Amino acid sequence: MQIMSSSAVALQLLGTASGQPATQQPSPAELYTSASTRYVEATPELKGIYSDRRAEKSAKEQPSLAQRVINAVTETYQNEFSEVKAQAKAGLEAALGRSLGESETFRDLGSLTRSKLPKDVLNINRSALFAEFAMGMATSQAKELNLDQSYSLKLSDGMGGLNKAEELQGLDMSKAEDRQKAVDYAISVQVRINLAGFQMAETNGVASDMMSKSLESADVTDMTALKDSYTEMHRARFENGEFTVIFDGVEISNG
């Protein structure tokens, strides 16, 4: 099961206004997995620059707090949220007077078509889409984060603040300490995407209910502890070769 577009779902909110779902947004592949088109072949792959005992410890602790939350959100999605989606789809098809195409969703409908939908149908489909975005962000575990792309995109601070950061300015990818800084920043971006999912959920009834149940199921009482756990989880993923960072045309990995 994959919740929405998990690795880059936060960035699909670009262009969204007043809680309205965005349309014609770049796909996750376009946002986070196009390193091959930007990779400078003359620059050798740089590996093994981030060694952290906390990552080793995190990898051995199963499940970590972050993983418990991801499991709980995934279970909620598979069980309760599937019913919400089915209700939203049924109402949408009834309002349209036709069945949706095999890969067609509410997101694919034009603004004019949406404006003609009954208010209750519009609201439940917007809420379902909103909740799916939030859960996708909370469970996001990008295999690759291309900072050459992400720092040029603009999001508000509340959604992760992916503007070019001071931490990235003037870094020299031939230096191990600077490559480590790039990895540190990439991990912080991934963690902010995860936490933004919970912040986003608080503004929507359907999403808030789903997230509250998931956090309760995972026995989360301290969001700071959850943030720390997400950080350690992504550090461990990098150290285990499961997470690659691209910056200044250089691929940084530990694979």
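Is the crossing of α6 and α9 left-handed or right-handed? The crossing of these two helices is right-handed, where right-handed means that the near helix is turned clockwise from the far one by less than a right angle, and left-handed that it is turned anticlockwise. Before we walk further, a word on the ground rules. This is a predicted model, in which local features need pLDDT of at least 70 and side-chain atom pairs count only at pLDDT 80 or more, while totals for chains, interfaces and linings use all residues. Residues are numbered from 1 along each chain as its sequence is written, and side-chain values use heavy atoms, with hydrogens and water left out.

Let's start with the overall layout. The protein has 10 helices and four strands; helices (H or I, at least four residues) and strands (E, at least two) are DSSP runs, numbered from the N terminus. Read from that end, the order is α-α-β-α-α-α-α-β-α-α-α-α-β-β. Of the 255 residues, 48% are buried, with buried meaning under 20% relative accessible area, exposed over 50%, and partly exposed in between (1.4 Å probe, protein chains only).

Now back to the helix pair. The axes of α6 (residues 119–138) and α9 (residues 205–217) come within 8 Å and cross at roughly 35°; axes are lines fitted to C-alpha atoms, for helices over the stretch in contact, and angles run from 0 to 180 degrees between N-to-C directions. On the α6 side, Ser127, Phe130, Ala131, Ala134, Met135 and Ala138 meet Val206, Ala207, Met210 and Met211 of α9. The residues of this contact comprise nine nonpolar, one polar and no charged, on a scheme that counts Ala, Val, Leu, Ile, Met, Phe, Trp, Tyr, Cys and Pro as nonpolar, Asp, Glu, Lys and Arg as charged, and the others, Gly among them, as polar.

Setting aside neighbours within four places in sequence, Phe198 is in contact with Val69, Ala138, Met211, Leu215, Met223, Leu226 and Tyr230.

Finally, the charged pairs. There are four salt bridges, each a side-chain nitrogen of Lys or Arg within 4 Å of a carboxyl oxygen of Asp or Glu. One of them joins Lys213 to Glu80, with the closest N and O atoms 2.9 Å apart. That pair links distant parts of the chain, Lys213 lying in α9 and Glu80 in α4, 133 residues apart. Lys213 also bridges to Asp209, the closest N and O atoms being 3.4 Å apart. Lys213 and Asp209 are separated by about one helical turn, because they sit four residues apart in α9. Together, Glu80, Asp209 and Lys213 are linked in a network of salt bridges. Lys213 is partly exposed at 34% relative accessibility, and Asp209 is partly exposed at 37%. Elsewhere, Arg98 pairs with Glu104, the closest N and O atoms being 2.9 Å apart.

Key
Contact means heavy atoms within 4.5 Å.
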